[in-house]
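Trainee: I would like to learn how to read a model feature by feature. Where do we start?

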Amino acid sequence: MSGWIMAGQLLLGLSILVGLHEFGHFFFAKLFKIRVNKFYIFFDFLFPLPNVANFALWKKKIGDTEYGIGWFPLGGYVQIDGMVDETQEANQLASEPQPWEFRSKPAWQRLLVMLGGIIVNVITGIIIFSSLSYQNGYNYIPVSEVNKNGIVAGELAQEIGLRTGDKIVKVNGQPIEDFRQDVVGQVLLESNSNYTVERDGKELVIPIRNDLAGLLARDNNPERFISTFATLGEVVKVAEPEKPGLFAKILGEKKQNLPAYEAGMKEGDKVVSINGKPLTYYHEFSQTVAANKGKVIDVVVDRKGKMLTLKPRVTPEGKLMVFLNRTPLQTPAHVDYNFGQAVAAGTYDAFDVVAKNVKGFGKIFKGEVAASDAISGPVGISKLYGDIWDWNHFWTVTGLLSMALAFMNALPIPALDGGHVIFLLYEMIFRRAPSEKFLERAQQIGTILLLGLMVFAIGNDLFK
């Protein structure tokens with residue numbers, strides 16, 4: 001069921017964003033009286049082959065435009081008359097330009113048509129983040145609250161010299177307020193950062209390794225780095241065997257590692273100790289389990305006042321496949337926004353996504369983060385949504401994707417909007433347009449690059 005929830009959220013989120021992106025192109029085309037032959041959410045062909053597997057799940061022609069929903073869900077398109085793109089080649093535009101065609105319009109109008117999708121995605125991101133800010137305000141954990149007990153240092157934090165109980169007082173020499181944003185979020189995309197920590201009454205400067213973001217992205221487990229103190233609660237869920245799906249049956253079912261279930265752990269159990277070591281805090285539980293990868297451990301649980309000893313075998317990844325309640329020791333802070341403040345905060349959050357994407361690409365080009373750790377396909381994106389349908393989280397992820405989609409489409413790669421924009425700017429500056437044959441070749445090269453990136457992203461998902 002959880003897989004269907006992730007897939008459903010992904011499909012809804014992409015439908016909204018792709019539809020709005022293509023509407024941006026459509027709006028400006030109609031504004032300048034350019035004929036739009038097709039408006040499709042998802043492709044009605046096997047992208048990037050416009051003449052292969054041509055069929056739509058639904059379509060209807062209204063006026064000059066055919067509106068439809070394609071079967072191939074990795075994008076969408078508007079087919080603008082008189083424009084070289086993935087659906088039209090240069091040899092189809094050999095006749096004299098007609099007044100309703102894209103190629104007959106002034107360069108500034110064509111530029112706005114090509115920027116339309118990016119503009120709408122940016123507006124969508126700002127509206128989503130502003131609405132969330134107005135509705136929810138701003139919730140954060142003050143650093144002062146965390147420093148009452150100090151941080152919990154995971155294995156990656158320990159490798160750079162941090163210790164559980166350290167109090168982080170500065171990042172890059174600057175005072176900090178928001179724990180998640182300033183202590184964890186800020187440093188992942190910066191190079192040559194450092195923490196100033198207070199330990200045993202002394203201040204120490206701890207350098208942060210530049211490849212940290214990539215290391216954390218590999219298993220999406222932030223507790224490997226820094227977390228906060230929380231008391232250990234009762235078991236709220238034990239992972240149970242799932243009915244194998246169609247692909248699992250075809251490829252051969254893999255044995256599921258479900259140590260807590262197989263050992264007889266139940267919801268409501270309270271973990272008291274592991275291998276004779278009493279447990280109070282959640283990190284003591286998770287770190288003790290992780291330290292016994294592949295081993296059988298003695299877990300004493302309190303089940304309705306009765307002490308039981310269970311003997312699960314920890315997975316090779318260091319997990320028991322069980323979810324326990326935890327109670328943070330920090331009191332969170334909350335700030336309410338009026339409408340104007342919400343718009344300002346939402347606009348900042350939206351463009352902060354773009355800034356982080358730029359920094360992320362910078363880390364890839366510097367070799368500080370591997371592309372395989374940073375690039376995800378549909379599976380990775382669906383995991384962002386999660387297996388619980390929460391509308392607040394759904395719109396947060398959709399806002400992130402809207403700004404990421406705007407950023408990606410702005411890249412100066414032929415076949416993307418940014419590639420068309422570069423050619424149009426060239427035309428506006430030098431007063432002459434590249435030949436349609438050149439545009440066609442550039443489109444083909446860009447399409448091959450995009451196809452390669454798509455194959456890499458999906459393959460990377462499957463490998464992970």
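This is a predicted model: local features need pLDDT of at least 70, side-chain atom pairs count only at pLDDT 80 or more; totals for chains, interfaces and linings use all residues.

Mentor: Then take the overall picture. The protein has 464 residues, and 44% of them are buried. Its C-alpha trace spans about 85 × 55 × 40 Å along the principal axes.

Trainee: How many helices and strands does the secondary structure come to?

Mentor: There are 15 helices and 18 strands.

Trainee: Next, charged pairs. What is the general idea?

Mentor: Side chains of opposite charge can pair when their charged atoms come close. Here, a search of the whole structure gives 14 salt bridges.

Trainee: Take Lys-38. Which residue does Lys-38 form a salt bridge with?

Mentor: The partner is Asp-44, with the closest N and O atoms 3.2 Å apart.

Trainee: Is Asp-44 buried or exposed?

Mentor: Asp-44 is buried, at 6% relative accessible area. The cut-off for buried is under 20%. Lys-38 has 22% relative accessibility, so Lys-38 counts as partly exposed.

Trainee: How do I judge what a pair connects?

Mentor: Place each partner in its element. Glu-155 and Arg-224 form a salt bridge at 3.5 Å, N to O. Glu-155 belongs to helix α4 (residues 155-159), while Arg-224 sits in the loop between α6 (212-219) and β11 (226-228). The two are 69 residues apart, so this pair links distant parts of the chain. Glu-155 itself is partly exposed, at 40% relative accessibility.

Trainee: Which residue does Glu-159 form a salt bridge with?

Mentor: Arg-209, with the closest N and O atoms 3.1 Å apart. Glu-159 lies in helix α4, and Arg-209 in the loop between β10 (202-207) and α6, so the pair ties together parts 50 residues apart in sequence. Both partners are partly exposed: Glu-159 has a relative accessible area of 49%, and Arg-209 has 32% relative accessibility.

Trainee: What about the surface? Which residues form a nonpolar patch there?

Mentor: Trp-108, Ile-422, Leu-425, Met-428, Ile-429 and Phe-430. Together they have about 600 Å² of accessible area. α14 gives the most to this patch, with five residues. Met-428 is in helix α14. At 32% relative accessibility, Met-428 is partly exposed.

Trainee: How should I read burial along a helix?

Mentor: An α-helix has 3.6 residues a turn, so residues three or four places apart point the same way. Now look at helix α12 (residues 378-385).

Trainee: Which residues are buried in helix α12?

Mentor: Gly-380, Ser-382 and Tyr-385 are buried there. Check the end of the helix as well. Just after α12, Gly-386 has a positive phi of about 90 degrees.

Conventions: Residues are numbered from 1 along each chain as its sequence is written. Side-chain values use heavy atoms; hydrogens and water are left out. A salt bridge is a side-chain nitrogen of Lys or Arg within 4 Å of a carboxyl oxygen of Asp or Glu. Buried means under 20% relative accessible area, exposed over 50%, partly exposed in between (1.4 Å probe, protein chains only). Helices (H or I, at least four residues) and strands (E, at least two) are DSSP runs, numbered from the N terminus. Patches are made of residues with over 30% relative accessible area and no salt bridge: like charges are joined within 9 Å, nonpolar side chains (Val, Leu, Ile, Met, Phe, Trp, Tyr) within 5 Å. Accessible areas come from the Shrake-Rupley method with a 1.4 Å probe; for residues, only the protein chains shown count as cover.
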